[in-house]
Each structure stands twice: as C-alpha cells, then as structure tokens.
Amino acid sequence: MEQAGLTFDSGILECCLRRHPDDSEVLAELAETCTRLRRYRRGLQLDRRLVRRHPKDPTVRYNLACSLALTGDLPGAARELLAAARL
C-alpha cells in the first residue's frame with residue numbers, strides 16, 4: 001500500500017515539476033520519493049539539480065552523496081560527503 005502511495009505522489013510531483021521547474025521544494029520532495037521507490041537514477045538527477053541551485057546547502061550535498069552511493073559512485077559520494085561536512 002505504501003508503494004502505491006509513493007507512486008501516486010511521484011506522479012503528482014513530476015507534474016508539479018513540469019509546471020514549476022525551479023521549485024526547490026518540489027525537487028527535494030520528488031528526489032526523496034524517487035529514492036524511497038528505489039528509482040535511484042532519477043533521484044540522483046534531481047539531487048544534482050538541487051546542488052546546482054543550492055551549492056552551499058549541506059543537506060542538499062549530503063543527499064547528493066547518498067544518491068551517488070546508491071548508484072555505485074562511491075568516490076563521488078565521498079567527495080560530496082566531505083563537501084557537506086565542510087559546509
């Protein structure tokens with residue numbers, strides 16, 4: 001049941017993102033939802049967009065590190081984790 005709810009939410013959020021591509025809250029919520037659905041590549045795309053918009057936000061950097069780790073880029077994940085810690 002939870003999976004169905006997350007799938008529904010992701011559809012709504014994708015629609016919102018098409019209408020408001022610069023909305024960081026929608027980007028962040030969709031990235032989290034994609035990760036929870038194990039759509040790791042989509043979550044990574046969204047986290048990269050968030051870092052481009054908010055490069056000095058440690059939480060955004062941490063989330064990117066997590067997405068990189070989930071997609072197998074451990075060196076990239078370590079770099080982003082260090083960047084988050086520096087911030």
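These legends cover close-up views of a predicted model. Residues are numbered from 1 along each chain as its sequence is written, and side-chain values use heavy atoms, without hydrogens or water. Local features need pLDDT of at least 70 and side-chain atom pairs pLDDT 80 or more, while totals for chains, interfaces and linings use all residues.

**View A. The largest nonpolar core has 15 residues.** A nonpolar core here is a set of buried Ala, Val, Leu, Ile, Met, Phe, Trp, Tyr and Cys residues joined through side-chain atoms within 4.5 Å. Buried means under 20% relative accessible area, exposed means over 50%, and partly exposed lies in between (1.4 Å probe, protein chains only). Leu 17, Leu 27, Leu 30, Leu 46, Leu 64 and Leu 68 touch the most other members. At least two core residues come from each of α1 (2-19), α2 (24-36), α3 (40-53) and α4 (58-70). The most come from α2, which gives five. Helices are DSSP runs (H or I, at least four residues), numbered from the N terminus.

**View B. Leu 46 and its contacts.** Contact means heavy atoms within 4.5 Å. Leaving out residues up to four places away in sequence, Leu 46 touches Leu 17, Leu 27, Leu 30, Ala 31 and Cys 34.

**View C. Helix α3 has a buried side and a face turned away from it.** The helix has 14 residues and reaches 20 Å from its first C-alpha to its last. That is close to the 20 Å expected at 1.5 Å a residue; the expected span is 1.5 Å times one less than the number of residues. Gly 43, Leu 44, Leu 46, Asp 47, Leu 50 and Val 51 are buried in α3. Seen down the axis of α3, these buried residues fall within an arc of 170°, so they line one face of the helix. The arc is taken from the directions from the helix axis to the C-beta atoms. The buried residues of α3 pack against α1, α2 and α4. Arg 41 and Arg 52 are exposed on the face turned away from the buried side.

**View D. Leu 81 lies in helix α5 (residues 74-86).** Leu 81 is partly exposed, at 44% relative accessible area. Beyond its neighbours within four places in sequence, Leu 81 is in contact with Tyr 62 and Ala 65. Pro 58 is 23 residues from Leu 81 in sequence, yet their C-alpha atoms are 8.8 Å apart.

**View E. Cys 66 lies in helix α4.** Cys 66 is partly exposed, with 29% relative accessibility. Ala 84 is 18 residues from Cys 66 along the chain, and their C-alpha atoms are separated by 11 Å.
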